[in-house]
Amino acid sequence: MSIFFYKATFGQYPLVTNVTVTEGATANLTCRVEYNDNTSLQWSNPAQQTLFFGDKKALRDNRIELVRASWSELTISISDVSLSDEGMYTCSLFTMPVRTAKAYLTVLGVPEKPEIDGLTKPAIEGDHITLTCITQGSKPAADLRWFRNEKEVKGAKEVNASGKTFTVRSSLQLHVGRNDDGVAYTCRVDHVALTQAPQQATEVLEVHYAPQVEIIHSRAVPQEGQYLKLECVSKGNPSPDPVMWTKDGGELPDLDRMIVEGRELTFTSLNKTDNGTYRCEATNHLGTSSAEYVLYVYDPNAVGQHGTDHALIGGVVAVVVFVTLCLIIVLGRYLARHKGTYLTNEAKGADDAPDADTAIINAEGNHAHAEEKKEYFI
């Protein structure tokens, strides 16, 4: 009998767990007891108002409902939870004395969709602008992250409390260039309450800049009678359309053979009179840019002859280099052979000499004797 009383007393403690929900969701509060001798359970809110006593509802709040009531469990639900519902809830077991357990209900404030301010459309190349991203209503404070297209860039974050929630700002300083034209800047909100997908806002920059021009030609060596196309490639925003072609500072002279279509200048059949400097010029409201192409029309026969002359010259140079190398090798061998003979004669004079002076005299004598022999032989 005493053992049963010990188990009943030991088991008559209510068991609860803390609960975390997002604002607007439904919170379930559960209180359990392992051993209960038909004693009632009760839930009360942070203001110590009774919500349910057993299966009897005590507080008139349509959001609060009974989920399950028995001698071992009392579970209630609070729908459409607001930040004001956050706090310590108490489950009481009416034994002698009354035993209680406390569960904390945490309500997460969902951050609002961010907004990006500070963008002027269009921006001008060289401008300094500040993009500011703002989100409100987060609890705890949200985190803001910036992305330039898909690459993350660092911003300056600022957090301010607004009652139980937080307002978060992040600023991004930009020195606008032409490479920013068409770039998407995204501000993303990361928060524990955003379980499905982060909130984000995106702005695409439009940057106006002065033109840049270059001329692309279809032939490296233009020849008489050939077809030639010059393309004026211009980049600028707004687009510098149309472009203007000139020759040697004036208008194009022969519009029958020189056809202008959009950005292209086409020569249907080249001749020597086409020689000159051709300029392409592009303009928008931010400035003017130009590029030049010097055209020289070659005679087809002269181009072939020059190719033959170059081959002949190259062959002659190769022969001269080979002969020079052969002469250097022969001369080197000749000098090496005579140097060996000189050293041998001096060595012969030193073999029989008692001292250095005698060796030198003997060597000179040998040379003289050799000369005498040579004269006698003649």
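Two strands are taken as paired if DSSP finds at least two bridges between them. Strands (E, at least two residues) and helices (H or I, at least four) are DSSP runs, numbered from the N terminus. The structure is a predicted model, in which local features need pLDDT of at least 70 and side-chain atom pairs count only at pLDDT 80 or more, while totals for chains, interfaces and linings use all residues. Residues are numbered from 1 along each chain as its sequence is written, and side-chain values use heavy atoms, with hydrogens and water left out.

The secondary structure of the chain consists of three helices and 25 strands. Of its 378 residues, 33% are buried, where buried means under 20% relative accessible area, exposed over 50%, and partly exposed in between (1.4 Å probe, protein chains only). The chain exposes about 23400 Å², with 54% of this area supplied by carbon and sulfur atoms; accessible areas come from the Shrake-Rupley method with a 1.4 Å probe, and for residues only the protein chains shown count as cover. Contact means heavy atoms within 4.5 Å. Among contacts in the chain with a separation of 6 or more, 60% are between residues 24 or more positions apart.

Strand 2 (residues 27-32) runs antiparallel to strand 7 (residues 73-78), and six bridges join the two. Cysteine 31 has leucine 74 of strand 7 as its bridge partner. Beyond four places in sequence, leucine 29 touches Val19, Trp43, Leu74, Thr75, Ile76, Ile78 and Tyr89.

A nonpolar core is a set of buried Ala, Val, Leu, Ile, Met, Phe, Trp, Tyr and Cys residues joined through side-chain atoms within 4.5 Å. The largest such core has 22 residues, and those with the most contacts inside it are Leu29, Leu41, Trp43, Ile76, Tyr89 and Leu105. At least two residues of this core come from each of strand 1 (19-22), strand 2, strand 3 (41-44), strand 4 (50-53), strand 7, strand 8 and strand 9 (99-108). A second, separate core has 20 residues, including Leu144, Trp146, Leu194 and Ala201.

Threonine 90 lies in strand 8 (residues 87-93) and counts as buried because its relative accessible area is 4%. Its side chain makes a polar contact of 3.0 Å with that of lysine 102. A polar contact is a pair of N or O atoms within 3.5 Å; within protein, one must be able to donate a hydrogen and the other to accept it, and residues adjacent in sequence count only if both atoms are side-chain atoms. Apart from neighbours within four places in sequence, threonine 90 is in contact with Gln42, Trp43, Ser44, Gln48, Thr100, Ala101 and Lys102.

Leucine 108 belongs to strand 9 and is also buried, at a relative accessible area of 10%. Leucine 108 and proline 140 are 32 residues apart in sequence, with a C-alpha to C-alpha distance of 6.9 Å. Contacts of leucine 108 beyond four places in sequence include Thr20, Val21, Leu83, Pro140 and Val192.

An open sheet is formed by four strands in the order 14-13-17-18, with antiparallel pairing. Strand 14 (151-153) and strand 18 (199-204) are the edge strands, each pairing on one side only. Strand 13 (residues 143-148) is joined to strand 14 by three bridges, and phenylalanine 147 has glutamate 152 of strand 14 as its bridge partner.
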